[in-house]
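Visitor: I have a protein model open and would like to learn how to read it. Could you walk me through a few features?

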Amino acid sequence: MIELRNVSQRFAGPHGWVDALHDIDLTIAAGEIFGIIGRSGAGKSTLVRTINLLARPTAGEVVVAGRTLTGLSPGPLREARREIGMIFQHFNLLSSRTVFGNIALPLELAGIKRQAIEAAVMPLIELVGLSAQRDRYPAQISGGQKQRVGIARALASRPKVLLSDEATSALDPETTRSILDLLKQINRELGLTIVLITHQMEVIKQVCDRVAVLDAGRIVEAGGVIDVFLRPRHDVTRALLGDVIAHELPGAVKARVAKHLETGAGQLLRLAFAGGSVDRPVLSEAIRRYALDVNILHGQIDEIQGRAFGSLAVLADGEPQQLDAALAFLREQGVIVEALSHV
Ligand SMILES: Nc1ncnc2c1ncn2[C@@H]1O[C@H](COP(=O)(O)OP(=O)(O)O)[C@@H](O)[C@H]1O
Ligand SMILES: [Mg+2]
């Protein structure tokens, strides 16, 4: 549905050139919810604006729904852009227009007749759950409701793709969840392809199928969300994951473990597991079989995309050979075992 080929974006900054995007290759399938995560300044907004050519790339090709946007002249490009809706962090609603008026705006601009607009907007208002608010002004509704207006407005021209640039970043966690649930529903019911830009791993965890990690204008890591959560390969990914899974030990635990490792034996490990191995007691089986002492320091069991997911930091002690055998056993059972060499 979306393909970026060798896309680069270079801006003239006050201190010379800024390479906001560097040689980006990305393929997003139809019907997918694809997340792009990165820290502030990584190039996320530039990337999403490149997909609808609000920012024309300095090099490379952008293909959306079978059309090479980078090759289109202004007329056909405007046409092609109707297939791409967009929502923003600060909603960008017109304060002088009601909920209905805001959602109707793109249709009015496209010259659609009043009656047809009414027929198109009413089901959208219902879809986003704002039937009771249709005649209210932006100042009279909550942040979550404003974003619902933004979503309905983006859907008004019946796009195939929805781009979301930090659409939940101004919302509290509960409202964020409800907006993400709505996006998921739209993805399911309308078959819309969604590209979700965020700096919060929690957002990726809640709705995305696949994720790409952007750092300094480059994609440093990409894959299925569970795979990336289980085996983050890049430091930036690990740092971003710190918000949702326990990679770092709490300070007090760190101090205790450091002391223990100085004097005593044992290995500090991180165990990560998904699906089957969460449900079976593989850890207790390893402890029994190989006569280990295991002290669980920190961790959690969670759910990603309906699959159980767990991450534990443990201090494991035992006969060296037994310990090695236990780690091999755990790996055989699908547990990802990582030695944490320092605390
Ligand atoms: N129009 C522009 N002109 C000059 N520099 C820009 C422009 N847009 C973005 N940049 C620069 O590109 C980099 C990436 O910005 P942006 O895409 O907004 O990052 P993010 O959305 O990940 O925070 C930043 O260094 C930013 O200053
Ligand atoms: Mg941004």
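Visitor: Let me start with strand E6. How many of its residues are buried?

Guide: In this predicted model, 4 of the 5 residues of E6 are buried, so the strand is mostly covered. A residue counts as buried when its relative accessible area is under 20%.

Visitor: Which strand does E6 pair with, and in which sense?

Guide: The general idea is that strands of a sheet pair through backbone hydrogen bonds, either parallel or antiparallel. Here, E6 pairs with strand E7 (residues 161-165) in the parallel sense, over 5 bridges. To see one of these pairs, find isoleucine 87, whose bridge partner in E7 is serine 164.

Visitor: What is the order of the strands in the sheet that holds E6?

Guide: Read across the sheet and you get E6-E7-E8-E3-E9-E10. That makes an open sheet of 6 strands, with mixed pairing. The edge strands are E6 (84-88) and E10 (218-224), each of which pairs on one side only. Direction ignored, neighbouring strands of this sheet are turned by 15 degrees against each other on average.

Visitor: The pairing is mixed. Where can I look for parallel and antiparallel examples?

Guide: With strand E3 (residues 33-37), E9 pairs in the parallel sense over 4 bridges. Isoleucine 37 has valine 213 of E9 as its bridge partner. With E10, however, E9 runs antiparallel, and 6 bridges join the two.

Visitor: How many residues lie between the strands in the hairpin of E9 and E10?

Guide: There are 2 residues between these strands, and in this hairpin alanine 216 takes a positive phi near 45 degrees.

Visitor: Which strands does E1 pair with?

Guide: E1 (residues 2-13) runs antiparallel to strand E2 (residues 16-28), and 9 bridges join them. One of the pairs is phenylalanine 11 with valine 18 in E2. E1 and E2 form a hairpin with 2 residues between them. E1 also runs antiparallel to strand E4 (residues 59-64), this time joined by 5 bridges. Look for serine 8, whose bridge partner in E4 is alanine 59.

Visitor: Is glutamine 9 buried or exposed?

Guide: Glutamine 9 is found in strand E1. Its relative accessibility is 3%, so glutamine 9 counts as buried. To picture its surroundings, leave out residues up to four places away in sequence: glutamine 9 then touches residues including Val18, Leu21, Thr46, Arg56 and Pro57.

Visitor: Now for helices. At what angle do H3 and H4 cross?

Guide: The axes of helix H3 (residues 99-109) and helix H4 (residues 114-127) cross at roughly 125 degrees and come within 10 Å.

Visitor: Which residues meet where H3 and H4 touch?

Guide: From H3, the residues in contact include Val99, Phe100, Ile103 and Leu107. Among those they meet in H4 are Ile117, Val121, Met122 and Leu124. Sorted by class, the contact of H3 with H4 has 11 nonpolar, no polar and 3 charged residues. Glu108 in H3, together with Arg114 and Glu118 in H4, also belongs to this contact.

Notes
Residues numbered from 1 in each chain as written. Chains lettered and ligands numbered in written order. Predicted model: local features only at pLDDT ≥ 70, side-chain atom pairs only at ≥ 80, totals over all residues. Heavy atoms only, no water. Pairing = 2+ DSSP bridges. Axes fitted to C-alpha atoms, helices over the stretch in contact; angles between N-to-C directions. Contact = heavy atoms within 4.5 Å. Nonpolar A, V, L, I, M, F, W, Y, C, P; charged D, E, K, R; others polar. Buried < 20%, exposed > 50% of the residue type's maximum accessible area, 1.4 Å probe, protein only.
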